[in-house]
Amino acid sequence: MAKNDLQGTLDLLILKSLAQTSSMHGYGIVLHIEKVSGELLRIEEGSLYPALHRMEQNLWIRSTWALTETNRRAKFYSLTPTGRKQLAIAEKSWEQTVKGVQAVMRFA
Amino acid sequence: MRLLSRLWALTRRSSIDRDIEEEMQAHMAMRTEDNIAAGMSEENARRDARLRFGNPVAAKEHVEGIDLALGVESLWRDIRYAIRGYRKSPLFAAVAIITLALGIGANTAIFQLLDAVRLRSLPIQRPHELVDLRIVGGNQGFGVSDSQYSQLTRPLWQEIQRHHDPLSGVFAWRTNQQILGSISDGRRIQTINVTGDFFSVLGIQPLQGRLIGPEDEAAACTAPRGVVSYPYWQSQMGGRPITPGTTILIDNLQAEIIGVAPPEFFGLAVGESFDMAFPLCTPRTISREFFDVSVMGRLKPDWTLDRASAYFGSISKGMFEAALPTGYSSKSTEQFKNFRLGAYSASSGVSNLRQDYDKSLWILLAITGLVLLIACANLANLMLARASSRQREVAVCMALGASRGRVLRQLLIESSLLAVTGAVLGIALAQAFSRVLLLAFANGKDSIHLSIETDWRVLLFAATVASLTCAIFGTLPAFRMSKSDPITALKTGDGRTSGSRERFSVQRLMVVTQISVSMVLLVGALLFVRSFRNLMTLNPGMRESGITVGTFGFPLSHVDPAHYEEFKRRLLNEVHSVPGVTNATTTTMIPLLGGSWGHRVNVGSMEGPSQFTWVSPGYFQTFDIPLIAGRSFNENDTDTSPHVAIVNQTFVRTYLNDVNPIGQTLRTQAEPKYPSTLFEIVGVVHDTKYNELRGDTPPMAFAPATQFPLTAQGPWTVVIIASNLPSATITEAIKRKIGDTHPEIRVNFFDFQQSIHDRLLRERLMAILSSFFGALAALLVMVGLYGIISYLVTRRRNEIGIRIALGATRSQIIGLVMRDAASMLAIGALIGTTLSLLAGRGAGSILFGLKPYDPATLAFAAAFLAVIAALASFLPAFRAAQLNPTTALRCE
């Protein structure tokens, strides 16, 4: 599968995670996805930050420095209105992909 | 918005860097804490966090890469990186930039000259509409022309004034030299004489006062009103305002200055300038055979050049019949009637320079272009060598995830940085080069006025050259480098990769290119030098050294035209009596300086042209021209005795083959002022060159000055003076003597040989410049070859080490290395010879005394290159032979 699609998937996961919570730092996003997916999905942490940066450049998310529960300074990300629109688009495209793949898998 | 945020990001780059760093640190710290909380030892917790995160540097770079991929910032970053790299190898950078600056500078300088002489439009309104009216194919020696720009006679101009439908306006003009101040101590100034519509048709506005208009034509011959050029106004009149009372004395006439021409207007002759412009004086009696004006006009909007030409062609018959000069033989008259007028574009003016230097400048541009090409090949090789030493660096970049495109871009930026720096320096250098060239072009007497401007065309040219340069010398190494396999590169470390053989052949290819191109340049240089030498050492058949030419004008002496000849003889005797003068003679035509004077003759049943000169008896002694048969002129040849002539060998060969020429007769055909005359041939002289060193000797006839037709006499004479004293000394002595006895006579002297040499300026320039560039090319080839052979030796260290260990002798090793150079030389020389033969055809017309395919020249150039190649490869070969086999092998 093309690299773009994987990247798109990561974008989708991040956007969705941020939509489900108010705001999260990068590590939090990793934990969130692991937990919610029942440990099925594990985000490659090295590629998380480039993705976050790119999404921020695209104005889908915004960031702010804040303190964590353990009093550590971390960068918290939250969704922008543009990001919400992008999430809707990405979700739709994902559903199409899933449908398509499933159709292929079920073909007898 | 996005762009804004990116631009904003640019301005706080370093803080963003810190941000990313800190964010990732926090991430790993949190993971570590969680791990510890889950029961891991601190060390394990840390390791697990790092493992999960992957390479933080790569991640950071990747984050930055997202910004960087987006444009400006990355460019700036790459440029800074490149500069840092060059700072580490300043020698390479300096060599590259200087080579490029020289190459681009030389190219731009020549192009600037070419642009000024050839391409640029006149500084007038809508220059593309300006057309020049000329006789198609020229007047072929008919009548008398007073300059190269004067293509038409006054009666023809009057005809054109009556019929010029395709043109909205027409004017006639001529360049002239007039005397400013009193005749005895006045000085010559350059003027243009123009008809009333000149300035209005060109669309030129005065800087001050007004320009010449139709209302000024009436007083043109008696009290002219003139316009001064801007440079004259600035330098001679101090830029003071023009008032109605500003008058000057010009050719003994009181003239009023009415205005100043705008600064950019230099006239219509490119490379020349004028001091003043006066209305064209039309004398009461017009010489109908005198071609002394040029006619131009502005094309009407709906007419094209072709249509206009067709129009003038169609009405030519009537015009030329109406303008027919009288007194010519019927044959010549017929020739005149058959002339046709044509319209030619004059958007870039007219120029003698163009005729003389056009081809030379194009050839020089090609030469400098080739030098630049060699320089590029050299730089490409240097870059390749540098690239192989940097292979590890590139491998690391690529291993860290940099894409090929990224690496490629970085390398291209590095080479364009050099190219741009070189181009900027080159453009600055070009200004200096152009000025030096202009000084060289302007031979002592006539200065050349060209405005050398760095206009958009020149800048565009320089930019194109720079980008081509960059593309040529930067792309290849960049491509090769970005292709290298990072793993192999990392493993072998010093860049001895498996692909080396292939890359190597590219470098060889470039050396071969350099050798072949420099072969072309060397052949060119040799041809030009030998051509110049041929001209310098050519024996024109007459004495050149120790000859001074004096022109004497005596319009104010009030001598009766019937006694001109007598007066000239007296002048000649006075000159002859000056101590130091060994011989002196008068002549109507100064040889070798470009003039020509001829008549059509009938010899027996044959008919054809012959050059004619009227001389006093001492002519042949003064010029040391040997008499082959018959007698020379003497005092008994007077205006009342039978007309006699002495002819040259070519004349005899052409018209009197197999006959004893002495006693034969020749008859000239009638021309205005020169009635048909019968001459008896009394002598034959040795052939001499005629109007210039080039070209074959035409049939020539000499007649005694005493028999020069009275109708053609004028108040001036040319005296040729032979002396063993320096020209300046003898000139002073004669000036003093003539000044004492005839203060009203205008005199002007010049050294004969010097003038001949001045006329070889183009050949000299070509010889000097092409040798300079040829030598530069050879030097570049030497450096390039040295570089590649050294490189080769370094690469083959092991192999050479093994050979030595196995018992190869030093001389065998030297032979091994030099054979390699020899093979490149052989291929390069072969290609070079082929290219030279092709290129030589273009230069053939400006060579003298040898053909472009001159085997000796080719052989010499090849030999010279062989010496260079031997010199360049011997040192590395010698070093290879000194190699200590154990050290060489241990290094592996």
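**Two domains, two chains**

Tutor: The C-alpha centres of domain 4 of chain B and domain 5 of chain B lie 55 Å apart. The domain bounds come from an automatic or database domain assignment. This is a predicted model, where local features need pLDDT of at least 70 and side-chain atom pairs count only at pLDDT 80 or more, while totals for chains, interfaces and linings use all residues. Residues are numbered from 1 along each chain as its sequence is written, chains are lettered from A and ligands numbered from 1 in the order written, and side-chain values use heavy atoms, with hydrogens and water left out.

Student: How many residues does the contact take from domain 5 of chain B?

Tutor: Contact means heavy atoms within 4.5 Å. Domain 4 of chain B gives 12 residues. From domain 5 of chain B the contact takes nine residues.

Student: What area do domain 4 and domain 5 of chain B bury between them?

Tutor: Buried area is the accessible area (1.4 Å probe) that two parts lose on being put together, summed over both. Here 63% of it is on carbon and sulfur atoms. The area buried between domain 4 and domain 5 of chain B is about 790 Å².

Student: Which side chain meets B:E763 in a salt bridge?

Tutor: A salt bridge is a side-chain nitrogen of Lys or Arg within 4 Å of a carboxyl oxygen of Asp or Glu. The rule finds one across the interface of domain 4 and domain 5 of chain B. The N to O distance for B:E763 is 2.7 Å. The partner is B:R694.

Student: Now the two chains. What area is buried between chain A and chain B?

Tutor: Start with the contact: 25 residues of chain A touch 25 residues of chain B. Carbon and sulfur atoms give 54% of the buried area. The area is about 2,400 Å².

Student: Which residues of chain A lose the most area to chain B?

Tutor: There are three to find. Together they make up 29% of what that side buries. They are A:Y27, A:Y49 and A:Q57.

Student: How many salt bridges are there between chain A and chain B?

Tutor: Take a pair to picture. The side chains of A:E34 and B:R31 meet in a salt bridge, at 3.8 Å, N to O. The count between chain A and chain B is five.
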